[in-house]
Amino acid sequence: ILYRFPRRGGGRALWRSSYQGPPASYTDSSDDETSPRDKQQKNSKGNGDFCIKNIKQADFGRREIEIAEQEMPALMALRKRAQGEKPLAGAKVVGCTHITAQTAVLMETLSALGAQCRWAACNIYSTQNEVAAALAEGGFSVFAWKGESEDDFWWCIDRCVNVEGWQPNMILDDGGDLTHWIYKKYPNMFKKIKGIVEESVTGVHRHTSTLSKAGKLSVPAMNVNDSVTKQKFDNLYCCRESILDGLKRTTDVMFGGKQVVVCGYGEVGKGCCAALKAMGSIVYVTEIDPICALQACMDGFRLVKLNEVIRQVDIVITCTGNKNVVVRENLDRMKNGCIVCNMGHSNTEIDVASLRTPELTWERVRSQVDHVIWPDGKRIVLLAEVHTHTHTHSSKQALTRVFVQALALIELYNAPEGRYKQDVYLLPKKMDEYVASLHLPTFDAHLTELSDEQAKYLGLNKNGPFKPNYYRYVKNKVGHQPSPSKPRVHPGFSRQPGL
């Protein structure tokens, strides 16, 4: 609870808080503070195999899901076309992703295609409690709520995995935590797991790719993060819109004339920089990759080292997927009122732990917004304890990634033995093109078709794929493209255009 007392004479306002001690996890003050782990909840059918904030929010969550369905025509088309064939019959999918209305549409689609699902959240702040309630009311085993503690996070994952009479045979992960937990605690489960679908660059590099290089990856994994449709639409176009939305919702900041440093110029960084530049911000970029660095320069951004501009910038945004990008030395040198936030998957990019020291004071200003105050009165604005992408990642613009996840699960689950080895693979290019083609009608877009003569001249099949595997829509893909000589999709989809 915060009270503001403006000084006479227009001096800086003072903030007083009833909160004492270091921050942990928060929910809105109107929420019941009882831990969901201490509650006994059941849905209207008497099922209690879930752990969420409040089952009474189910009706509101259902409306959110119905709105999301209208914004996801491609996934809904897949559900309608394939639910009769049940390509995921017998699949037992354990998932660890953001639990939002869009994820709910994915889960209900997987169920309609024959899969059983158990789900936890990949981020302690991103869960939409009302959506989790709607899923629980619909019979899904969901273990997640907004504002989990670190212990809650791992407890929820374990509840999804460690259940009597049920063992997963497919993994859908975002960040690699679920894969890591099973590998660490229940390695024998991999004997029955057919494949892993990993969404984020963090999960691909930190766990899946690392296990593969060490020869410890015992099942094939599909890297959907580097699929073209995920990279371009989720990472670039979604973040281009959602970075502004997230910052506006949390800080009400004006962007015109503000100096901003964006750490990382991958697809997420490109989207953030483009949006901020369009709003009139002065944007600096830090980058380790000379190719991305050159792209930033050619796009009109000044390439700097962080310590060169840290004293003057108004906003610091990290989107590298790395660790210790912003450390205590940088935080100490920031100007009063500097906003610090993270658009990457993990909170390792900013060294928040270094701020939990006796000489610094933390004040909760609003939900997921903290002021960290130095002894001299300087304060920085820390968003969601640098889990900032939770404000943005669930944007309704990120519609392609769930469709890609569904196709990847179908592909791995139905692949004949031997098609995929114990390695990391990219989504087949034809599938990427199929994802894009199903979204085009949303824009009333009309795709030009090659004539037989043109196709022969270019050496292409009229139905695609239209680019060779080495064509680089995006950089640094982690994984292998499957051989184009083999069928790439479940036979039930072979009749669809482009497949």
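1. Let's start at Gly269, which sits in helix H9, residues 267-278. Helices (H or I, at least four residues) and strands (E, at least two) are DSSP runs, numbered from the N terminus. Keep in mind that this is a predicted model, where local features need pLDDT of at least 70, side-chain atom pairs count only at pLDDT 80 or more, and totals for chains, interfaces and linings use all residues. Residues are numbered from 1 along each chain as its sequence is written, and side-chain values use heavy atoms, with hydrogens and water left out.

2. Is Gly269 buried or exposed? Gly269 is buried, because its relative accessible area is 0%. Here buried means under 20% relative accessible area, exposed means over 50%, and partly exposed is in between, using a 1.4 Å probe and protein chains only. Leaving aside residues up to four places away in sequence, Gly269 touches Val262, Gly264 and Cys319; contact means heavy atoms within 4.5 Å.

3. Gly269 also turns up in a record. An unreviewed UniProt entry lists Gly266, Glu267, Val268, Gly269, Lys270, Gly271, Glu287 and His393 under "binding site". UniProt positions are given in the numbering used here, feature names are shortened, and annotations may be inferred rather than shown by experiment.

4. Glu287 is partly exposed, at 24% relative accessible area. Not counting residues up to four places away in sequence, Glu287 touches Gly264, Tyr265, Gly266, Cys292, Ala293 and Leu303. Which backbone atom does the side chain of Glu287 reach? The backbone nitrogen of Tyr265, at 2.7 Å. Note that Gly264 is a contact of Glu287 and also of Gly269.

5. There is a second set to look at. For "binding site", the unreviewed UniProt entry lists Thr100, Asp174, Glu199, Lys230 and Asp234. Glu199 is in the loop between strand E7 (195-198) and helix H7 (201-213), and Glu199 is buried, with a relative accessible area of 1%. Asp234 belongs to helix H8, residues 228-251, and counts as buried at 1% relative accessibility.

6. Another glutamate worth a click is Glu108, in helix H3 (residues 101-112). Glu108 is buried, at 14% relative accessible area. Setting aside residues up to four places away in sequence, Glu108 touches Arg62, Ile65, Glu69, Arg79, Leu135 and Phe140.

7. Now the aromatic rings. Rings of Phe, Tyr and Trp (its six-membered ring) pair if their centres lie within 6.5 Å; planes under 30 degrees apart count as stacked, over 60 as edge-to-face and the rest as tilted. By this rule there are six aromatic pairs. One of them is Phe153 with Trp154, which is edge-to-face because the centres are 4.9 Å apart and the planes are at 80°. Phe153 is buried at 5% relative accessibility, whereas Trp154 is partly exposed at 21%. Tyr183 and Phe190 are edge-to-face too, with centres 6.5 Å apart and planes at 65°. Tyr183 is partly exposed, at 31%, while Phe190 is buried, at 9%. Ring pairs also link Phe153, Trp154 and Trp181 into a cluster.

8. Two charges sit over rings, meaning that NZ of Lys or CZ of Arg is within 6 Å of the ring centre and within 35 degrees of the ring normal. Arg118 lies over the face of Trp166, at 5.7 Å from the ring centre. Lys277 lies over the face of Phe301, at 5.1 Å from the ring centre.

9. On to the inside. A nonpolar core is a set of buried Ala, Val, Leu, Ile, Met, Phe, Trp, Tyr and Cys residues joined through side-chain atoms within 4.5 Å. The largest has 58 residues, of which Leu75, Val93, Leu110, Val142 and Phe403 touch the most other members. Helix H13 (400-414) is among the elements that give two or more residues to this core, and H13 gives the most, with 10 residues. Leu75 touches Val105, Leu106, Thr109, Val402, Phe403 and Ala406, not counting residues up to four places away in sequence. Apart from this core lies another, of 29 residues, including Phe153, Trp181, Met189 and Phe190.

10. For the overall picture, the protein has 15 helices and 17 strands. Buried residues make up 55% of its 499 residues. Among contacts between residues at least 6 apart in sequence, 70% join residues at least 24 apart.

Key
A polar contact is a pair of N or O atoms within 3.5 Å; within protein, one must be able to donate a hydrogen and the other to accept it, and residues adjacent in sequence count only if both atoms are side-chain atoms.
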